[in-house]
Amino acid sequence: MRLVINVGEGSGEDELRSLYDWLMTDRTVRRGALAELASSKPPMAGQQSSVVDILSLVLSSGFSAASLGVSLANWRLTRPQHPTVTVERPDGTKVSISGAAPEVEQHLMRQLLNPEP
């Protein structure tokens, strides 16, 4: 499954790069997901590249939603403003996490990655 992660409105590329670095230091995430910084828009004419504004995660079938929830919660706690993180599935289903306790974040990730039929 491919997820797209955005970090709060106006948080900027630095916060997204911080989250990417955080996820890459988490062994569980590194083993179960392929992460890539990207742009949601193609570059404008004359530009060499676009602004990085999303983090793309391709998850293996055995990846635990709770692991992603824990890693996101822990990263948010290290940030001065605890930015809102929005995670989107390919079908457009989104979960936004802001001001939630780590247990709530884990629950939201489980719901997003393991929807009930």
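Analyst: Start with a contact list. Skipping neighbours within four places in sequence, Gly 32 is in contact with Val 58, Leu 59, Ser 60 and Phe 63. Bear in mind that this is a predicted model.

User: Where does Gly 32 lie, and is Gly 32 buried or exposed?

Analyst: Gly 32 lies in helix H2, which covers residues 27-32. To judge burial, look at the relative accessible area: under 20% counts as buried. Gly 32 has 8%, so it is buried. Gly 32 and Ser 60 are 28 residues apart in sequence, yet their C-alpha atoms are 5.3 Å apart in space.

User: Okay, let's zoom out. How many helices and strands does the chain have?

Analyst: Four helices and five strands. Reading along the sequence, you get β-α-α-β-β-α-β-β-α. Of the chain's 117 residues, 38% count as buried. For contacts between residues at least 6 apart in sequence, 58% join residues at least 24 apart.

User: Which residues have the most contacts inside the largest nonpolar core?

Analyst: First the general idea: in soluble globular proteins, nonpolar side chains tend to be buried together. In this model, the largest nonpolar core has 26 residues, and those with the most contacts inside it are Leu 3, Leu 19, Leu 57, Leu 68, Leu 72, Val 87 and Met 109. The elements giving two or more residues to this core are strands S1 (2-7), S2 (33-38), S3 (54-59), S4 (85-88) and S5 (94-97), along with helices H1 (12-25), H3 (65-78) and H4 (102-113).

User: What is Leu 57 in contact with, leaving aside its neighbours within four places in sequence?

Analyst: Its partners are Met 1, Arg 2, Leu 3, Ile 5, Leu 23, Ala 33, Leu 34, Ala 35 and Leu 68.

User: Which residues of H1 and H3 meet?

Analyst: From H1 you have Glu 15, Ser 18, Leu 19, Trp 22 and Leu 23. They meet Leu 68, Ser 71, Leu 72, Asn 74, Trp 75 and Thr 78 in H3.

User: And what about residues that aren't buried?

Analyst: Leu 77, in helix H3, is exposed, with a relative accessible area of 54%. Not counting residues up to four places away in sequence, Leu 77 touches His 82 and Pro 102. Leu 77 and Pro 102 are 25 residues apart in sequence and 9.2 Å apart, C-alpha to C-alpha.

User: What is the phi of His 82 near?

Analyst: Near 45°, a positive value in a residue other than glycine. His 82 lies in the loop between H3 and S4, and at 36% relative accessibility it counts as partly exposed.

Definitions and conventions:
Residues numbered from 1 in each chain as written. Predicted model: local features only at pLDDT ≥ 70, side-chain atom pairs only at ≥ 80, totals over all residues. Heavy atoms only, no water. Core = buried A, V, L, I, M, F, W, Y, C linked by side-chain atoms within 4.5 Å. Buried < 20%, exposed > 50% of the residue type's maximum accessible area, 1.4 Å probe, protein only. Contact = heavy atoms within 4.5 Å.
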